[in-house]
Amino acid sequence: MEFIELTLGSYIISHGYDNHNKEIIVQVPAKNFGKKLIAVSRIKSLSEKYILTDYVDGRWIYWEYKEDFEDVKKLLSK
């Protein structure tokens, strides 16, 4: 399994959708950023601010990351 190391901060957990098709989310603020290894196979998408990964029980998690967007793209293309 391949991993990348990123410096992650606050995150948003998506628990799915309610009966009105509204996304159920929980925002978790972090005081500091910290290093984390992420399995590349769990990554679903990348934006300039967040990396989206799958989570437990069908949930998704949006991690705020500190690195430069272009640098992360290069890590993922290796």
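**Reading the labels**

Phe3 lies in strand β1, which spans residues 3–17. The model is predicted.

Q: Why is Phe3 called partly exposed?
A: Its relative accessible area is 47%. Buried means under 20% and exposed means over 50%, with partly exposed in between. Phe3 at 47% falls in between, so the label is partly exposed.

Q: What makes Met1, Phe3 and Leu37 a nonpolar patch?
A: Patch residues need over 30% relative accessible area and no salt bridge, and nonpolar side chains are joined within 5 Å. Phe3, with 47%, passes the area cut-off. Together, Met1, Phe3 and Leu37 have about 400 Å² of accessible area on the surface.

Q: How many aromatic pairs does the structure hold?
A: There are two aromatic pairs.

Q: Why is the pair of Tyr11 and Trp63 called tilted?
A: The ring centres of Tyr11 and Trp63 are 4.7 Å apart, and the planes stand at 45°. Rings pair if their centres lie within 6.5 Å. Planes under 30 degrees apart count as stacked, over 60 as edge-to-face, and the rest as tilted. An angle of 45° belongs to the rest, so this pair is tilted.

Q: Which parts of the chain does this pair of Tyr11 and Trp63 link?
A: Tyr11 is in strand β1 and Trp63 is in strand β6, residues 60–65.

Q: Is Trp63 buried or exposed, and how do you know?
A: Trp63 has a relative accessible area of 12%. That is under 20%, so Trp63 is buried. Tyr11, at 23%, counts as partly exposed.

Q: Why is the pair of Tyr50 and Tyr62 called edge-to-face?
A: The planes of Tyr50 and Tyr62 stand at 80°, and the ring centres are 6.4 Å apart. The centres lie within 6.5 Å and the angle is over 60, so the pair counts as edge-to-face. Tyr50 sits in strand β5 (residues 50–54) and Tyr62 in strand β6, twelve residues apart.

Q: What makes Tyr50 partly exposed?
A: Tyr50 has 24% relative accessibility.

Q: Why is Lys66 called exposed?
A: Its relative accessible area is 58%. That is over 50%, so Lys66 is exposed. Lys66 is placed in the loop between β6 and α1 (69–77).

How values were computed. Residues are numbered from 1 along each chain as its sequence is written. This is a predicted model: local features need pLDDT of at least 70, side-chain atom pairs count only at pLDDT 80 or more; totals for chains, interfaces and linings use all residues. Side-chain values use heavy atoms; hydrogens and water are left out. Patches are made of residues with over 30% relative accessible area and no salt bridge: like charges are joined within 9 Å, nonpolar side chains (Val, Leu, Ile, Met, Phe, Trp, Tyr) within 5 Å. Accessible areas come from the Shrake-Rupley method with a 1.4 Å probe; for residues, only the protein chains shown count as cover. A salt bridge is a side-chain nitrogen of Lys or Arg within 4 Å of a carboxyl oxygen of Asp or Glu. Helices (H or I, at least four residues) and strands (E, at least two) are DSSP runs, numbered from the N terminus. Buried means under 20% relative accessible area, exposed over 50%, partly exposed in between (1.4 Å probe, protein chains only). Rings of Phe, Tyr and Trp (its six-membered ring) pair if their centres lie within 6.5 Å; planes under 30 degrees apart count as stacked, over 60 as edge-to-face and the rest as tilted.
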